[in-house]
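Subject: Handover of a structure and notes on its contents

Dear colleague,

Please find below the structure that I am handing over to you. My notes on what was found in it follow.

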Amino acid sequence: MSGLPGVPAQAGPVPVLFTAACPDCRARFELTAGALRLVIGASDRTTFYSFTCPACEVSVRKPAGERIVELLTGGGVRTLRLHSTV
């Protein structure tokens with residue numbers, strides 16, 4: 001038993017939600033970590049996150065600065081790290 005009224009004993013962790021907006025249809029919504037992808041490249045131009053807008057289904061790609069990368073990785077977003085071959 002959890003000891004808290006109304007809380008099941010086997011309740012899992014609360015999922016992290018990220019607020020996002022679509023530049024095409026201007027909808028605002030919340031996404032789970034599983035709905036986002038983060039790509040970390042060698043520069044600002046190659047570091048971004050992406051998702052599919054749930055309202056208009058367009059694929060969205062936005063730049064990710066240091067703070068965004070920190071928040072997304074901390075929230076469990078799948079991350080792809082690009083490595084230089086040179």
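In what order do the four strands of the open sheet stand? The model is a predicted one, and in it the order is β5-β4-β3-β6, with mixed pairing. At the edges stand β5 (59-63) and β6 (78-81), each of which pairs on one side only. On average, and with direction ignored, neighbouring strands of this sheet are turned by 20° against each other.

Overall layout

The protein chain contains one helix and six strands. Read along the sequence, these follow the pattern β-β-β-β-β-α-β. Of the 86 residues in the protein chain, 28% are buried. Contacts between residues at least 6 apart in sequence include a share of 41% that join residues at least 24 apart.

Within the sheet, β4 and β5 run antiparallel and are joined by five bridges. S50 stands opposite R61 in β5. R61 also lies over the face of F48, at 3.6 Å from the ring centre. Helix α1 (residues 66-74) lies across β3 (37-40), β4 and β6, and runs at about 130° to β3.

Aromatic residues

A pair of aromatic rings is described by the distance of the centres and the angle of the planes. How many aromatic pairs does a search of the whole structure find? The search finds two. F29 and F51 form an edge-to-face pair, at 5.8 Å centre to centre and with 75° between the planes. F29 belongs to strand β2 (residues 28-32) and F51 to strand β4 (residues 48-52), so this pair ties together parts that are 22 residues apart in sequence. F29 is buried, at a relative accessible area of 12%, and F51 is buried as well, at 3%.

The other pair is formed by Y49 and F51, which are stacked, with 6.3 Å centre to centre and 20° between the planes. Y49 is buried too, its relative accessible area being 14%. F29, Y49 and F51 together make up one aromatic cluster.

Cysteines

The search for disulfides across the whole structure finds zero. C25 is partly exposed, with a relative accessible area of 35%. C56 is likewise in no disulfide, and the nearest cysteine sulfur, again that of C53, is 3.7 Å away. C56 counts as partly exposed, at 34% relative accessibility.

Backbone and loops

Most residues other than glycine have a negative phi. Against that background, two residues may be pointed out. R26 has a phi near 65°, a positive value in a residue other than glycine. R26 is found in the loop between β1 (17-21) and β2, and is exposed, with a relative accessible area of 69%. E57 also has a positive phi, near 65°, and is not a glycine. The loop that holds E57 is the one between β4 and β5, and E57 counts as exposed at 63% relative accessibility.

Leaving aside its neighbours within four places in sequence, R28 is in contact with T19, A20 and A21. The C-alpha atoms of R28 and A55 are separated by 8.9 Å, although the two residues are 27 residues apart along the chain.

With kind regards

Terms used. Residues are numbered from 1 along each chain as its sequence is written. This is a predicted model: local features need pLDDT of at least 70, side-chain atom pairs count only at pLDDT 80 or more; totals for chains, interfaces and linings use all residues. Side-chain values use heavy atoms; hydrogens and water are left out. Rings of Phe, Tyr and Trp (its six-membered ring) pair if their centres lie within 6.5 Å; planes under 30 degrees apart count as stacked, over 60 as edge-to-face and the rest as tilted. Helices (H or I, at least four residues) and strands (E, at least two) are DSSP runs, numbered from the N terminus. Buried means under 20% relative accessible area, exposed over 50%, partly exposed in between (1.4 Å probe, protein chains only). A charge sits over a ring if NZ of Lys or CZ of Arg is within 6 Å of the ring centre and within 35 degrees of the ring normal. A disulfide is a pair of cysteine sulfur atoms within 2.5 Å. Two strands pair if DSSP finds at least two bridges between them. Axes are lines fitted to C-alpha atoms, for helices over the stretch in contact, and angles run from 0 to 180 degrees between N-to-C directions. Contact means heavy atoms within 4.5 Å.
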